[in-house]
Amino acid sequence: VTGASFVVFNGALKTSSGFLAKSSIVEDGLMVQITPETMESLRQALREQKNFKVTCGKTDAGDLREYVDICWVENEEKTNKG
C-alpha cells in the first residue's frame, strides 16, 4: 500500500510496449501510465462513480502484478480540507 499526495493518469501507453500498465512514484505522488482504452474505461467509471482497478506489469509476467485501485467510499474524512 502506498500513500500519495496526488495521482497522475497518463493515457499514452502503447499496447506494443509489452505492459498492461505502469505505475511509478514521482516526487510525493503516483503516476500511472495506461493505454487509451483503459483511460476511456477509467473515465467512464469515474463518471458513474464506480470502483476501478488498473492492473500494472508486463503482459507476460505471469503472477507478478501490481494493482492501482480507485475506490469510492461512503464516509468523507475531515482531513486535508482547504
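Predicted model: local features only at pLDDT ≥ 70, side-chain atom pairs only at ≥ 80, totals over all residues.
Residues count from 1 along each chain as its sequence is written. Local features need pLDDT of at least 70, side-chain atom pairs count only at pLDDT 80 or more, and totals for chains, interfaces and linings use all residues, while side-chain values use heavy atoms, with hydrogens and water left out.

**Exercise 1.** Work out the strand order of the open sheet and find its edge strands.

*Solution.* Start with the definitions: strands are DSSP runs of E, at least two residues, numbered from the N terminus, and two of them pair if DSSP finds at least two bridges between them. Next, read the order, β1-β3-β2-β4-β5, with mixed pairing. The edges are then β1 (7-10) and β5 (66-70), each pairing on one side only. Finally, zoom in on β4 (residues 52-58): it pairs with β5 in the antiparallel sense over five bridges. Phenylalanine 52, for one, has isoleucine 70 in β5 as its bridge partner.

**Exercise 2.** Find which lysines have their charged end over a ring.

*Solution.* The test is NZ of Lys or CZ of Arg within 6 Å of the ring centre and within 35 degrees of the ring normal. Lysine 22 sits over phenylalanine 19, 5.0 Å from the ring centre.

**Exercise 3.** List what alanine 21 touches.

*Solution.* Contact means heavy atoms within 4.5 Å. Skip residues up to four places away in sequence, and you get Leu13, Gln33, Ile34, Val54, Thr55, Cys56 and Gly57.

Notes: Helix = DSSP H or I, 4+ residues; strand = E, 2+ residues; numbered from the N terminus.
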